Amino acid sequence: MKHSAMTRPRNSRNSFSTLNPPPFFDLLSLTILASFFSPKKFPRTLNPYLSLFFLSLLTSLVFLGISTINFLHSSPFYADPCSLKSSISFPSMSSSSQSRLLLSLLSPVASSANQNLPKLSTSVVVPLPAHGVSSNLSDEETEFWKQPDGEGYRPCLDFSFEYRKASAKISKEKRRFLMVMVSGGLNQQKNQIADAVVIARILEAALIVPVLKVNLIWKDESKFSDIFDIKHFKKTLRADVRVVSSLPFKHFKSKETKIPHDVSPHWIRSRFRTQLNKEGLLVLNGLDSKLTKNLPFDLQKLKCKVAFHALKFAAPIQELGNQLTRRMWIEGPYIAIHLRLEKDVWVRSGCRTGLGSDYDIVIAETRNLQPEYLTGRINMSHIQRRRAGLCPLNALEIARLLKALGAPKQARIYTAGGEPFGGKKALQPLIAEFPNIVTKYTLAREGELLPFINKSSAMAAIDYIVSLSSDVFMPSHGGNMGRAMQGHRAYVGHRKYIKPNKRAMLEYFDDASISETELGSIMRKIHKRSQGQPEPRTKRKDRDVVAYPVPECMCKANAASLMI
C-alpha cells in the first residue's frame, strides 16, 4: 500500500510568478547601446568589432539574469510553501477524504512521486484526523471533546526573495562547516537541532549531522540516525543549508565553543565569521535555549521547517509509533497526558510527591546529594513552589482537573512519559477515576518494544507519535515535550491542547468547601482560553516559534481543501 500523493492546488501561485525585470534594466541597456551607436558619440577610432563584442556581452548577461530568475521560480526546492494551507485542514474534511488520508498515513511506504522532491506539503509530519463528537454525551462532555476554532490559520512558510536568492550559494557550501553537540532528552535535542540549522544558515556554513551526547540521566547512547531519518532531514533542508554526514577528508582542528544566552544573528556573525573563514570548522556545545527567540521572519520559518518537516523519526520508530497510534485511534477518541512523575522530575523541581513522607524523604536525600539538579528559585519552600505553578500535577490533581473539565469517566487515556516514582501507587488516584489507562507497554505486542529498551529517546519518540494524534493532549507540567506538542498540534490544525493554569486552579483544589459541580464550572472558566486556540507568539516577549507558530509560520486562508 502506498501513500496517496498530496499535491498543490492547481491555482496556487509561487511568490516568484509575478516578478518582472525592474525598469532600470531597460534604461541601462538603452544607455549602453546609445553610447556605442549614437552618431554623435561614436568615436571615429573605435574598432566596430569591439562594439559588437560589448553588445554580445550585454545580451549574454541579460539572458543569464532571466535564466537565474526562471531557475528560482521553477526549482523543486521552492515548491510553494503556502500550498500547505490546503494540506492539513482536518476538521472540515469529508469522511471519504479522512479515510483516504488515514490509509495514506498508516502506509509504511511513501509514494515514489514524492521521493525526490522535498515538497513541504508532503514532508509535514501530520496526525490522524480528530474524531467527531458523539451525540449521546452531556454538554460538558461534548465541550471537552470539541476541537478549538483554528480561525483559518494554515502553515505558510513563504520565505522572502532575498532568502531564496541567498540559498543558491549557501546550499552548496563546501569550505565552512558547523558541528554541534546536542544534549538532554528527545525534545530538548530537537530544539537544539533546530537552532543548529538556523546558526548554520546565519554563518552560511554546511551543517554536519548533529552529534547526540550520551544522556547522563538515562544513559542513552543513541546516534542521530537511531532517532531521526537522516535522508529525509537532508532532503527537506537542502534548499536552506547543506547537511553532510561527516567532515570531508581534509583535516580540521577546532576547540569546542559555548555561547551565552539570548544571542542574536548579528552577534553570531561578528563572533564566529572570521574564525570560521580561517579554520573552516566551528564546534558548538551547550546550545540549549541560547539562540534568541526573536529572530527575523525567515529564520523563524526555518525553525518551523526543521521542527515540523525535517525532523521525522527513523523508520523503525515511526512504523511502531504508527502501529500503536492506529490501535488507539481505531477505538475512538482518546486523551494523551504527558506525566512528569519520574524521580528526577521531583528531584529537580523541589516539590513534594503527594505519596507520603517516606517517598518525600527519598527525594530530599537524593536532592541533598545532588543539589545542582535543583532548578530555579532555590530559596522557595515546596508550598511556595506549588502555589507559583512550579510543581508537576500529581495523579490526583490530574484526575480532578480532567473530571472538572468534563472528561467522561470511560475516556481512554494514553499516558506518555517515564516510569513514575512510586510505581502503581503514584497512578492509583488517576486509575480510580479513569480506569481506561493505556501506555505504550500495554499497547505494544510481545517483543515490539524490545529494540528500544534502555533507549529513552526512542521511547519518547513513540510517545510523541501517539500523543500527536490524540483528540486531546494535556501536560502535567511544563517542559520541552509540552511545548513541542503545543506548537506541533497548532501547526497541523490547532488540535485541542489543554494547558493547566496551575497558579489559578490550585487554590480551588485546596478549598474543601467547593462542591464538584462548582469546581467544574470554575475550572472550565479558567481554562476557556487555554485549550489550543491560536495564540500569537508576539503576544509575549521571548516565546519560541516552535511552541507558538502564529504568525511567522502560519497565515490565514479564506478557503482551503485537502488535496490527496
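This is a predicted model: local features need pLDDT of at least 70, side-chain atom pairs count only at pLDDT 80 or more; totals for chains, interfaces and linings use all residues.
Five strands make up an open sheet with parallel pairing, in the order S10-S9-S8-S11-S12. At its edges are strand S10 (437-438) and strand S12 (496-497), each of which pairs on one side only. Within the sheet, strand S8 (residues 334-338) and strand S9 (residues 412-416) run parallel and are joined by five bridges. In this pairing, His338 stands opposite Ala416 in S9.

Helix H16 (residues 395-405) lies across S8, S9 and strand S11 (472-475). The angle at which H16 runs to S11 is about 145°.

**Helix H7**

Helix H7 covers residues 186-203, which is 18 residues. From its first C-alpha to its last, H7 reaches 26 Å, close to the 26 Å expected at 1.5 Å a residue. Of the 18 residues of H7, 16 are buried, so the helix is largely enclosed by the rest of the structure. Glu204 follows H7 and has a positive phi, near 55°.

**The disulfides**

A disulfide is a covalent bond between the sulfur atoms of two cysteines. With a cut-off of 2.5 Å between the sulfur atoms, the count comes to two disulfides. The table gives their values.

| Disulfide | S to S distance | Torsion about the S-S bond | Separation in sequence |
|---|---|---|---|
| Cys304 and Cys553 | 2.1 Å | about 90° | 249 residues |

The torsion of about 90° about the S-S bond makes the disulfide of Cys304 and Cys553 right-handed. Cys304 lies in helix H11 (residues 297-310), and Cys553 is in the loop between helix H22 (516-526) and strand S13 (554-556), so the pair ties together parts that are 249 residues apart in sequence. Buried here means under 20% relative accessible area. Cys304 has 0% relative accessibility and therefore counts as buried. Cys553 is also buried, because its relative accessible area is 0%.

Note on methods. Residues are numbered from 1 along each chain as its sequence is written. Side-chain values use heavy atoms; hydrogens and water are left out. Two strands pair if DSSP finds at least two bridges between them. Helices (H or I, at least four residues) and strands (E, at least two) are DSSP runs, numbered from the N terminus. Contact means heavy atoms within 4.5 Å. Axes are lines fitted to C-alpha atoms, for helices over the stretch in contact, and angles run from 0 to 180 degrees between N-to-C directions. The expected span of a helix is 1.5 Å times one less than its number of residues. Buried means under 20% relative accessible area, exposed over 50%, partly exposed in between (1.4 Å probe, protein chains only).
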